[in-house]
Amino acid sequence: MNSSLTELEAVLVVARCGKFRAAAVELGVSTTAISNAVGKLERTLGVRLFNRTTRSVSLTEAGQQFVAQVAPAVRDIHEAMDGVRARQSTPSGTLRINAFPTAAREIFSALVLPFVEAHPQVHIDLVTEGRMVDIVAGGFDFGVRSADRVPADMIAIPLGLARRNVVVASPAYLAARGTPKVPQDLMNHACLRVRLPNGALYRWPFEKGGQSVQIDVKGALTLDEASLARTAALASVGLTLAMESDVRDDLDARRLVCVLEDWTPTLSPLSLYYPSRRNPTAAFKAFIEFARQRRESTTGSTRLTGWDMKDTASGGSPKTGAGPDCEI
């Protein structure tokens, strides 16, 4: 009675994701393939591992016991395989990276694309999530978050200077509605509201001279995608809060204009982080080295500059709170 590693991994990923579809996306296969693999293993064992409904999937008592015992063994198998792959002279295989959407956009052109070009045998699986995740439990090799969000037990590579959000609008909107001078003026303006991944509406944060304020803006549109908010702002629908790097071209071309600049707080710089590994693969080591080289050699870039900091162990645990733990 033998079970393949594929079937065991399918069970573990479904257990972690809680949905067959999400597990299929993570493993890069069809939902049917995942369901068939789990079903085959259940028939082999003669016991149901999951309770299935139309909306959710949960482990049975037998499934909980099975996952608890099998997960460490599968982890050991992967470590053994990684140990062999570490002897490869040419990096290959898949690297999985988890990042906030804004962070992914900032590193994509400056780090991910050049790495893929330099190492064509490596496949990058970049997953964007607006919530904090445990990259080890999620099966990721790397995470990209603000430096102050990196877990304390991770090794971090700083990726750039401090970033900031900006409030922007089209010249036509400002000509018609006026320019806000202080954050409280936003209550008299049409703003593009943003819903966070946890369902909460994002309160726009401002800071000046030690004074902090959060504004629960109002407007006709509520969105959860930054590119849609930018499109609406370009169409003169209202003001939006955006990552400066996302609208830099629009600002340079005067399609959008910054307001309340003296109230815009600086954000922590990005960090690439990863757990310590006994047998890192050649691809894993190559990506770390590539990030270090980009940090040391890149100058004059608005997105990945100031890479003069050394790799460090994170100095603290992530803060809590709906705002920092979620990002569009």
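Modeller: Let us begin with one residue. This is a predicted model, and in it T264 touches R164, N165, V166 and E207, leaving aside residues up to four places away in sequence.

Biologist: Where is T264 found?

Modeller: T264 lies in the loop between β13 (257–259) and β14 (266–267).

Biologist: Is T264 buried or exposed?

Modeller: A residue is called buried when its relative accessible area is under 20%. T264 has 12% relative accessibility, and therefore counts as buried.

Biologist: Which backbone oxygen lies 3.2 Å from a polar atom of the T264 side chain?

Modeller: A polar contact is a pair of N or O atoms within 3.5 Å. Here the backbone oxygen belongs to L260. L260 is itself located in the loop between β13 and β14.

Biologist: What is the phi of L260, and why does L260 count as buried?

Modeller: Phi of L260 is near 55°, a positive value in a residue other than glycine. L260 counts as buried because its relative accessibility is 6%.

Biologist: Which other loop residue should I examine for its phi?

Modeller: Consider S236, a residue other than glycine with a positive phi, near 65°. S236 sits in the loop between α7 (226–234) and β12 (240–243). Its relative accessibility is 29%, so S236 counts as partly exposed.

Biologist: How is the span of a helix read, for example that of α3?

Modeller: The expected span is 1.5 Å times one less than the number of residues. Helix α3 covers residues 31–45, and its 15 residues should therefore span 21 Å; the end C-alpha atoms are 21 Å apart, which agrees.

Biologist: Which residues of α3 are buried, and what follows the helix?

Modeller: The buried residues in α3 are I34, A37, V38, G39, L41 and E42. After α3 comes G46, with a positive phi near 75°.

Biologist: How many helices and strands are there in the protein?

Modeller: The protein has 10 helices and 16 strands. Of its 328 residues, 44% count as buried.

Terms used
Residues are numbered from 1 along each chain as its sequence is written. This is a predicted model: local features need pLDDT of at least 70, side-chain atom pairs count only at pLDDT 80 or more; totals for chains, interfaces and linings use all residues. Side-chain values use heavy atoms; hydrogens and water are left out. Helices (H or I, at least four residues) and strands (E, at least two) are DSSP runs, numbered from the N terminus. Buried means under 20% relative accessible area, exposed over 50%, partly exposed in between (1.4 Å probe, protein chains only). A polar contact is a pair of N or O atoms within 3.5 Å; within protein, one must be able to donate a hydrogen and the other to accept it, and residues adjacent in sequence count only if both atoms are side-chain atoms. Contact means heavy atoms within 4.5 Å.
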